Amino acid sequence: IINSYNTGKVSSCVLTINSADVWYCDSYSGGLIGEAKSVVTITNCYNSGYIYASTESRGGYAFYGGFVGHTYNKGTISNSYNSGNSSGYSDNWKYGGGLVGYANTTATISNSYNTGNISGSSAGGLVGYAYSTVTISNSYTNRFARGCGSGSGKILSSDDMKKQSSYYGWDFDEVWTIDSNINNGYPVLKT
């Protein structure tokens with residue numbers, strides 16, 4: 001997925017009439033992808049919409065992230081950002097991440113950030129839970145997005161996230177720009 005964005009609300013709700021009869025129905029929501037079963041590459045993308053995942057089945061899980069709710073295969077996210085808030089409901093675990101809710105296999109995140117508030121039983125500024133190795137480089141989140149999740153990236157204050165000098169290795173000539181009048185002063189992708 002290249003040069004894509006979401007600014008609207010995304011929700012994935014699994015509702016049951018008689019929850020005693022339904023077990024292990026999971027819910028997946030992401031700004032771009034709810035559940036990814038193939039290799040995913042996300043580049044030059046952003047999400048500013050609210051992400052919500054909900055399941056009322058017993059034993060079900062809620063997976064939600066700024067870009068991907070749950071990924072089963074290798075994934076790469078680069079030069080992308082999330083400013084949308086994410087939350088979920090489940091009587092079991094809720095995996096929420098600024099970029100990815102649950103990474104089941106290896107993932108690489110570079111030159112990306114999250115400023116959205118993430119809630120859940122396993123919530124992370126960038127990744128809610130990493131079952132396998134997630135390599136995070138030059139990627140950031142602010143203090144409002146911290147959780148007990150696996151992948152937070154480097155945590156910066158909101159003020160520091162509005163300074164170009166905080167983004168080591170980022171390309172502000174071709175890819176990124178910072179303007180105090182756009183996106184609350186956080187970096188945005190050049191068009």
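Colleague: How many helices and strands are there in the chain?

Modeller: This is a predicted model, and its chain has 23 strands and 0 helices.

Colleague: Which strands make up the open sheet, and in what order?

Modeller: The open sheet has 4 strands, arranged in the order 5-10-15-19 with parallel pairing. In general, strands of a sheet pair through backbone hydrogen bonds, in either a parallel or an antiparallel manner.

Colleague: Which strands stand at the edges of that sheet?

Modeller: Strand 5 (40–43) and strand 19 (134–137) do; each has a single partner strand, so one side of each is left without a neighbour in the sheet. As for the angle, neighbouring strands of this sheet are turned by 5° against each other on average, with direction ignored.

Colleague: Over how many bridges do strand 15 and strand 19 pair?

Modeller: Strand 15, which covers residues 107–110, pairs with strand 19 over 4 bridges in the parallel sense.

Colleague: And what is the bridge partner of threonine 108 in strand 19?

Modeller: Threonine 108 has threonine 135 as its bridge partner there.

Colleague: Turning to another threonine, where is threonine 141 placed?

Modeller: Threonine 141 lies in strand 20, which spans residues 140–142.

Colleague: Is threonine 141 buried or exposed?

Modeller: Threonine 141 counts as buried, because its relative accessibility is 0% and the cut-off for buried is under 20%.

Colleague: What does the side chain of threonine 141 reach?

Modeller: The side chain of threonine 141 reaches the backbone oxygen of asparagine 114, at 3.3 Å.

Colleague: Let us move to charges. How many salt bridges does a search of the whole structure find?

Modeller: The search finds 1 salt bridge. Aspartate 160 forms a salt bridge with lysine 163, and their closest N and O atoms are 3.3 Å apart. As a general point, side chains of opposite charge can pair when their charged atoms come close.

Colleague: How accessible are aspartate 160 and lysine 163?

Modeller: Aspartate 160 is partly exposed, at 28% relative accessibility. Lysine 163 also counts as partly exposed, with a relative accessible area of 42%.

Colleague: For the chain as a whole, what percentage of the residues count as buried?

Modeller: The chain has 191 residues, of which 50% count as buried. Its accessible surface comes to about 8700 Å², and 45% of that belongs to carbon and sulfur atoms.

Colleague: Last topic: what percentage of the contacts join residues at least 24 apart?

Modeller: Among contacts between residues at least 6 apart in sequence, 73% join residues at least 24 apart.

Notes. Residues are numbered from 1 along each chain as its sequence is written. This is a predicted model: local features need pLDDT of at least 70, side-chain atom pairs count only at pLDDT 80 or more; totals for chains, interfaces and linings use all residues. Side-chain values use heavy atoms; hydrogens and water are left out. A salt bridge is a side-chain nitrogen of Lys or Arg within 4 Å of a carboxyl oxygen of Asp or Glu. Buried means under 20% relative accessible area, exposed over 50%, partly exposed in between (1.4 Å probe, protein chains only). Helices (H or I, at least four residues) and strands (E, at least two) are DSSP runs, numbered from the N terminus. A polar contact is a pair of N or O atoms within 3.5 Å; within protein, one must be able to donate a hydrogen and the other to accept it, and residues adjacent in sequence count only if both atoms are side-chain atoms. Contact means heavy atoms within 4.5 Å. Accessible areas come from the Shrake-Rupley method with a 1.4 Å probe; for residues, only the protein chains shown count as cover. Two strands pair if DSSP finds at least two bridges between them. Axes are lines fitted to C-alpha atoms, for helices over the stretch in contact, and angles run from 0 to 180 degrees between N-to-C directions.
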